[in-house]
Amino acid sequence: MRFDVIKHHRWWFSISSLLVVISIVSMFMNGFNLGIDFTGGTIVEVQFDRNVQVSQVRDDLKQFGLENAVIQLSGEASATEGNDIIIRTRNLDANESKAIVDSLNTNVAPNEVKRVESVGAVIGSEVTEHALINLAVAFLALAAYISYRFEYKVALSSLAAIFHDLIMVLGVFSFFHLEIDSSFLAAILTVIGYSMNESVVIFDRIRENTHTHKRTDTFADLANASIAQSIHRSCYTLTTVLFACCSLYFFGGDTTKNFALCMIVGFVSGAYSSICVATSLWSIWKSRNRKDARNQVAKKA
């Protein structure tokens, strides 16, 4: 028995509206936990008298709440250990820097401080502004492409689903106060591409079915049939990408958790919004236009 997605559009719109409102309220009240790529930070470079594991350094930094710090190996080193360690983290005062060095000296291995310096933001306001402009241009290009390939109603419905997914991701990171760094931008762009691809697959099926469906079929019938024909493909794709992202989240280490979580939330939201939100918006919009056209014809008659 085929599930009527469009019939339950009020449920989808209510759920999405509630989540969007919660996300927006969280963003205004909690703001975002911007990482050092946006706010600047402190670089501490120490040279140990023997090779140490990156995991050893990270475990020791947990007592200072710096387990998400960027730890890099310098000089002669393998993939996971070396004697020259560069730690990049939030802004630290002189006492905090000294406490970290002393702790590493005691708990990890004797070391010598090579440098402690403050750095400015890697992604400054100018770069951030350019990124937002490029994102807006990308949205306009996607809207133009979909409008040309399908119609403007499909484009606006797809873009609404994409905005829905972006707000979901931003809401989760704001609500749980998760750190946002430069890799977050890459994950966001990946989510946009995935969400757009899911919408295109369904609407492409709808376009094909418009040539074969019965004249008595409504736009809801057309949308439901197209969803049923493409749902297996969407589920297989979602399962595959979630398997990879969940593996990265649970086994990839602390530095990749937020990157993976962004994609997990975005992919789940993208699959949901493409199937339930975008198609429902399009179907209702088209049905109302047809109804208005019929009313105008009846008035003229």
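**Note on the predicted model**

1. Asn111 counts as buried because its relative accessibility is 17%, and the cut-off for that class is under 20%. The model is a predicted one, and every remark below should be read with that in mind.

2. Asn111 belongs to strand 5, which covers residues 111-119. A polar atom of the Asn111 side chain lies 3.3 Å from the backbone oxygen of Ala109. When neighbours within four places in sequence are left aside, the residues in contact with Asn111 are Val46, Gln47, Phe48, Val101, Leu104 and Asn105.

3. Which sense does the pairing of strand 2 and strand 4 take, and over how many bridges? Strand 2 (residues 41-53) pairs with strand 4 in the antiparallel sense, over 8 bridges, and Thr42 stands opposite Thr89 of strand 4. Strand 4 itself, residues 81-89, is mostly covered, with 7 of its 9 residues buried.

4. Helix 6 runs over residues 152-175, and because its 24 residues at 1.5 Å a residue should span 34 Å, the distance of 34 Å between its end C-alpha atoms agrees with the expectation. Just after helix 6, His177 adopts a positive phi of about 55 degrees, so a colleague inspecting the backbone there may wish to have that value at hand.

5. Not counting residues up to four places away in sequence, Lys257 touches Tyr249 and Phe250, and a polar atom of the Lys257 side chain lies 2.8 Å from the backbone oxygen of Tyr249. Phe243 is 14 residues from Lys257 along the chain, and the C-alpha atoms of these two residues are separated by 14 Å.

6. As for the chain as a whole, its secondary structure comes to 9 helices and 6 strands. The radius of gyration is 25 Å, whereas a compact globule of 301 residues would have a value near 19 Å, and the C-alpha trace spans about 90 × 35 × 30 Å along its principal axes.

7. Among contacts with a separation of 6 or more, 80% are accounted for by residues 24 or more positions apart.

How values were computed: Residues numbered from 1 in each chain as written. Predicted model: local features only at pLDDT ≥ 70, side-chain atom pairs only at ≥ 80, totals over all residues. Heavy atoms only, no water. Helix = DSSP H or I, 4+ residues; strand = E, 2+ residues; numbered from the N terminus. Expected span 1.5 Å × (residues − 1). Buried < 20%, exposed > 50% of the residue type's maximum accessible area, 1.4 Å probe, protein only. Polar contact = N/O pair within 3.5 Å; in protein donor to acceptor, adjacent residues only side chain to side chain. Contact = heavy atoms within 4.5 Å. Rg over C-alpha atoms; globule rule 2.2 N^0.38 Å. Pairing = 2+ DSSP bridges.
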